[in-house]
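Hi,

Here is the structure I promised to pass on. Please open it first, then read my notes below.

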Amino acid sequence: MSLSSSPSLQRVVVISGAGVSAESGLKTFRGDDGLWEGHRVEEVATPAAWAADPARVLRFYNERREQVRAARPNAAHRALAELEQGYHVDIVTQNVDDLHERAGSSRVLHLHGEIMLARSTIDAGCLIPLGDRDISLGDTCPLGGQLRPHVVWFGEEVPAMAAAAELVSQAGILLCVGTSLQVYPAASLVFLAPDEARRIVVDPHIPEVVPRTIFECLARPASEGVPLIVEELLRQGADK
Ligand code: OAD
């Protein structure tokens, strides 16, 4: 059994957003121009967009997937993986990239899906790893249903929400990294930690909704702030 699976370790829950992958070259969603890679989200990330022009939606996500493949985990992803040496770490990410996994984190819950998987439009249980493939119109599941990206679009359910809420409610330490906390229900998770939990936010622009009285705020990029916090936590853990 590895150290990280020991039930006696203190539980850290990390809520991560696009900011943790920004320094890996993946754009955040709410940049200055209000566009996501040149698109309004309703043109590419809604069931209506899919109904209107599935080829365009597939093209958009194929391009995003290509960027994810080319990206590498940064110092923040790597530090969070290293934290497992002293803590039971669960990562609840809004990101659809796989950079936490590629950095070595072993428990990653994707709230908004995973871009490296395709899902059948007629059989939600049918998930297909894409590897180096794209999705094209005409690509189907064994039952004949068109494949789509396994991502949550605006207006769709967030099936992993209950599991995420359960994890946060057991956190001894809650660490939020690189999320504007503007998208619900994900944003509501930060308020579910137990009263006694230590709460930390790392983001160069601390979101307004973060209550400064109960969160320690580190206004730094993830690649600087997260290794600092991880180093401190591992030192504290070792001193105990
Ligand atoms: P946003 O783009 O809304 O917020 C990104 C956050 O990252 C902001 O608070 C930035 O200040 C911060 N940030 C930028 N650079 C950073 C860096 N180097 N280090 C740390 N933080 C940095 O992204 P999310 O909050 O993840 O959903 O967005 C949530 C959801 O909205 C996404 O999962 C996506 C989107 O629409 C769906 O697609 C369903």
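Start with the contact between the domains: 12 residues of domain 1 touch 8 residues of domain 2. Keep in mind that this is a predicted model.

Where do the domains run? The assignment for the protein chain gives domain 1 as 1–26 + 73–112 + 157–240. Domain 2 is given as 28–70 + 117–151. So each domain is built from separate stretches of the chain, as the bounds in that assignment show. The C-alpha centres of domain 1 and domain 2 are 26 Å apart.

Now find the ligand. Why does the ligand lie between domain 1 and domain 2? Both domains give residues to the shell around the ligand, so that is where it lies. The space it takes is the largest pocket.

Next, look at the shell. There are 21 residues around the ligand. Those that come nearest are F29, R30, H112, S180 and D203. By type, the shell holds 9 nonpolar, 9 polar and 3 charged residues.

- F29: a backbone N or O atom lies 2.7 Å from an oxygen atom of the ligand.
- Q94: a backbone N or O atom lies 3.1 Å from an oxygen atom of the ligand.
- G178: here the distance from a backbone N or O atom to a ligand oxygen atom is 3.3 Å.

How much of the ligand does the protein bury? Taken alone, the ligand exposes 790 Å², and the protein buries 90% of that.

Best wishes

Notes: Residues are numbered from 1 along each chain as its sequence is written. This is a predicted model: local features need pLDDT of at least 70, side-chain atom pairs count only at pLDDT 80 or more; totals for chains, interfaces and linings use all residues. Side-chain values use heavy atoms; hydrogens and water are left out. A residue is near a molecule or strand if one of its heavy atoms lies within 4 Å of it. A polar contact is a pair of N or O atoms within 3.5 Å; within protein, one must be able to donate a hydrogen and the other to accept it, and residues adjacent in sequence count only if both atoms are side-chain atoms. Accessible areas come from the Shrake-Rupley method with a 1.4 Å probe; for residues, only the protein chains shown count as cover. On a 1 Å grid over the protein atoms alone, a cavity is a set of points where a 1.4 Å probe fits but cannot get out, and a pocket is an open set with protein on both sides within 12 Å along at least five of seven lines; lining residues have an atom within 4 Å of a point. A molecule sits in a cavity or pocket if more than half of its atoms lie within 2 Å of its grid points. Ala, Val, Leu, Ile, Met, Phe, Trp, Tyr, Cys and Pro count as nonpolar, Asp, Glu, Lys and Arg as charged, and the others, Gly among them, as polar. Contact means heavy atoms within 4.5 Å.
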